[in-house]
Amino acid sequence: MPPPAPPPRGHSAAEQQAKQSQDADSPIEELCKIYKTDIKKGLSDKQAADNLERDGPNELEKPPKPTLLMLFLMQLTSFIIILLICAAGASVGVNATGPGASDPLSYTTGIAIAIIVLINAGIAAWTEHKAGDALEALSQMTQASIYVLRNGKEVQVPVPTVVAGDIVVLGTGDVVPADVRLFDAKDFKVSEMALTGEPDDVA
């Protein structure tokens, strides 16, 4: 597999698409010159490190993780919670304008509802926050890896560290880690079930 096209930082989607189209039509030898790689040896460790520093990891951009405060505020936007907040406010308002306005005990219902709502929102936000941390840790533990040529040897590297110029070596059951050009294959088939639903492999 020849090098995947790098995801240039700060470039528009149209520029990236044009670059990928150009790489798809270019001869393999020309691609190797552009990405300063060798079909037989791949990249050196230094080249791979420099490309990773320049282009960033080989992964989709992740949305910013919501903070605990944001999760707490999001819990207060559900329909039931809004109804309870309105009920607490109405209870306090009615008691404040009634004959027992000077009696602190007349506000217990509204205050109790408000406290229960805040406690419930806090517990739900904390649970969701911890669940997000657990999922992130699990995804890092199950992170896929792939074989590439580095310094003339096949080495196994995490998929996010695959860089522009890497010669990717695919075997049975491997997941294609990036946009690549195929230049040498034997009985090569690809499962597109996740994309198209087609049960049969495509040669």
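A salt bridge is a side-chain nitrogen of Lys or Arg within 4 Å of a carboxyl oxygen of Asp or Glu. The exercises below concern a predicted model, in which four salt bridges are found.

**Exercise 1.** Determine which residue forms a salt bridge with Asp50, and where the two residues lie.

*Solution.* 
Step 1. The partner of Asp50 is Lys46, and their closest N and O atoms are 2.9 Å apart.
Step 2. The relative accessible area of Asp50 is 41%, so Asp50 is partly exposed. Lys46 reaches 59% and therefore counts as exposed, because the exposed class begins over 50%.

**Exercise 2.** Classify Asp55 as buried or exposed, and identify the residue with which it forms a salt bridge.

*Solution.* 
Step 1. Asp55 forms a salt bridge with Arg54, with the closest N and O atoms 2.8 Å apart.
Step 2. Buried means under 20% relative accessible area. Asp55 has 10% relative accessibility, so Asp55 counts as buried.

**Exercise 3.** Explain which parts of the chain are tied together by the salt bridge between Asp166 and Arg150.

*Solution.* 
Step 1. The side chains of Asp166 and Arg150 meet in a salt bridge at 2.8 Å, N to O.
Step 2. Asp166 is situated in the loop between β2 (153–158) and β3 (167–169), whereas Arg150 is in strand β1 (residues 145–150); the pair therefore ties together parts that are 16 residues apart in sequence.
Step 3. Asp166 has a relative accessible area of 0% and is buried. Arg150, at 10%, is also buried.

**Exercise 4.** State which residues make the nonpolar surface patch of about 410 Å², and describe the position of Leu83.

*Solution.* 
Step 1. The patch is made by Phe79, Ile80, Leu83 and Leu84.
Step 2. Leu83 lies in helix α5, residues 79–97.
Step 3. With a relative accessible area of 43%, Leu83 is partly exposed. This value meets the requirement for patch residues, because they need over 30% relative accessible area.

How values were computed:
Residues are numbered from 1 along each chain as its sequence is written. This is a predicted model: local features need pLDDT of at least 70, side-chain atom pairs count only at pLDDT 80 or more; totals for chains, interfaces and linings use all residues. Side-chain values use heavy atoms; hydrogens and water are left out. Helices (H or I, at least four residues) and strands (E, at least two) are DSSP runs, numbered from the N terminus. Buried means under 20% relative accessible area, exposed over 50%, partly exposed in between (1.4 Å probe, protein chains only). Patches are made of residues with over 30% relative accessible area and no salt bridge: like charges are joined within 9 Å, nonpolar side chains (Val, Leu, Ile, Met, Phe, Trp, Tyr) within 5 Å. Accessible areas come from the Shrake-Rupley method with a 1.4 Å probe; for residues, only the protein chains shown count as cover.
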